[in-house]
Every structure is written in structure tokens, then in C-alpha cells.
Amino acid sequence: MSSTQRDFNTEAAKWDEQPRRVQLARGLFDAICESAPLDPELRVLDFGCGTGLLTLLLAPLVKFVLGVDTSHGMLEVLEAKKEALLGQVAQALTLGPLLTERDRTQLLQLEDKLRRAKPKPTLN
């Protein structure tokens with residue numbers, strides 16, 4: 001990981017303007033739909049939800065989505081979007097104030113690893 005940390009709070013306002021980010025969320029959504037049945041009674045935790053690109057795709061198909069992120073700025077963008085969903089996104093929760101700087105760094109590293117991970121083939 002780079003020694004300079006990204007300021008996701010600052011980047012949040014323009015995050016969705018990058019087409020590759022929207023495409024990545026759509027690709028993740030398609031992969032989830034192909035590999036896991038989405039049930040209207042299902043409750044989903046979207047860890048590292050950012051601005052909710054994936055969260056908002058999942059929300060209409062499940063009971064609710066809990067979006068969790070370390071960036072307050074990202075969650076503010078998600079909160080603004082969720083107004084149109086009439087409660088399908090149950091809550092956007094920031095862990096930021098509850099964590100030490102070391103915790104935040106470790107969570108950001110974990111989020112980065114999860115986003116870069118290649119899905120492993122399953123035995124069906």
C-alpha cells in the first residue's frame with residue numbers, strides 16, 4: 001500500500017463520475033446474481049459500500065441493505081441517493097468515529113484487497 005493515504009471524503013462527490021467504477025459495480029452485481037440467489041427476505045451487509053453503486057443495485061431485490069464504510073463523505077453521497085429508494089437501504093453506517101487510525105488503515109487495506117480479489121471458481 002502506498003505511504004500516502006487517499007482522502008475518500010474529498011473524492012466522494014465525484015466518485016460516480018468515473019465510468020469504470022459504475023461498470024465495476026455492475027459487474028459485481030451481475031456476478032452476485034449469478035452465484036447467489038437474492039431473496040426478497042434477504043438482509044445484506046455491503047461492507048465498503050462507498051457511494052452505494054452496488055448497494056443501490058442490490059436494494060430493490062432484497063429486504064434491506066446495510067451500507068458500511070469508513071468514509072463519512074462516501075456515506076453522505078449514499079444518504080443523498082437513498083432518499084429516492086423509500087427506505088430500501090436501511091442505514092448507511094460509518095465506522096470512522098469508532099476506529100483508531102490503525103484500525104482505519106487496516107480496514108482500508110482489507111477493502112482494497114477485497115475489491116482486487118479475483119473470484120475463485122466454485123464446485124457446483
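This is a guided tour of a predicted model, stop by stop.

**Before you start**

Residues are numbered from 1 along each chain as its sequence is written.

**Stop 1: the whole chain**

Show the protein as a cartoon. Helices here are DSSP runs of H or I with at least four residues; strands are runs of E with at least two, and both are numbered from the N terminus. Follow the chain along its sequence, and the pattern reads α-α-β-α-β-α-β-α.

Now think about contacts, meaning heavy atoms within 4.5 Å. Take the contacts with a separation of 6 or more: 57% of them join residues 24 or more positions apart.

**Stop 2: colour by confidence**

Colour by pLDDT, the predictor's confidence in each residue, from 0 to 100. The mean for the protein is 75, and 62% of its residues reach 70 or more. Which element has the highest mean pLDDT? Select helix 2, residues 19-35: its mean is 91. Then select strand 3, residues 89-94, which has the lowest mean among the elements, 48. Next, select residues 90-96. There pLDDT stays under 50. The model has 29 contacts beyond four places in sequence for this stretch.

**Stop 3: the cores**

Buried means under 20% relative accessible area, exposed means over 50%, and partly exposed lies in between (1.4 Å probe, protein chains only). Of the 124 residues in the protein, 31% are buried.

Select Phe29, Val44, Leu54, Leu58, Ala59, Val62 and Val65. These seven residues form the largest nonpolar core. Such a core is a set of buried Ala, Val, Leu, Ile, Met, Phe, Trp, Tyr and Cys residues joined through side-chain atoms within 4.5 Å. Apart from that core lies another, of five residues, including Ala12, Trp15, Ala25 and Leu53.

Zoom in on Ala25, in helix 2. Ala25 counts as buried because its relative accessibility is 7%. Beyond four places in sequence, Ala25 touches Leu53, Leu54 and Leu57. Draw a line from Ala25 to Leu57, C-alpha to C-alpha: they are 8.4 Å apart in space and 32 residues apart in sequence.

**Stop 4: Leu38**

Move to the loop between helix 2 and strand 1, where Leu38 lies. Is Leu38 buried, exposed or partly exposed? At 23% relative accessibility, Leu38 is partly exposed. Leaving out residues up to four places away, Leu38 touches Phe29, Ile32, Cys33, Leu58, Leu61 and Val62.

**Stop 5: the aromatic pair**

Show the side chains of Phe8 and Trp15. Rings of Phe, Tyr and Trp (its six-membered ring) pair if their centres lie within 6.5 Å; planes under 30 degrees apart are stacked, over 60 edge-to-face, and the rest tilted. By this rule there is one aromatic pair. Phe8 and Trp15 form it edge-to-face, 5.7 Å centre to centre, with 65° between the planes. Trp15 is buried because its relative accessibility is 16%, whereas Phe8, at 22%, is partly exposed.

**Stop 6**

Select Thr51, in the loop between strand 1 (43-47) and helix 3 (53-58). Thr51 is buried, with a relative accessible area of 1%. The side chains of Thr51 and Asp16 make a polar contact (2.5 Å). That term means a pair of N or O atoms within 3.5 Å; within protein, one must be able to donate a hydrogen and the other to accept it, and residues adjacent in sequence count only if both atoms are side-chain atoms.

Thr51 also touches Met74, which is in helix 4 (residues 72-82). Met74 is buried too, at 2%. Among the residues in contact with Met74 are Phe8, Trp15 and Gly50. The C-alpha atoms of Met74 and Gly50 are 4.9 Å apart.

**Last stop: Thr10**

Finish in helix 1 (residues 8-11), at Thr10. Thr10 is exposed, at 58% relative accessibility. The side chain of Thr10 makes a polar contact with that of Asp7 (2.5 Å).

Notes. Predicted model: local features only at pLDDT ≥ 70, side-chain atom pairs only at ≥ 80, totals over all residues. Heavy atoms only, no water.
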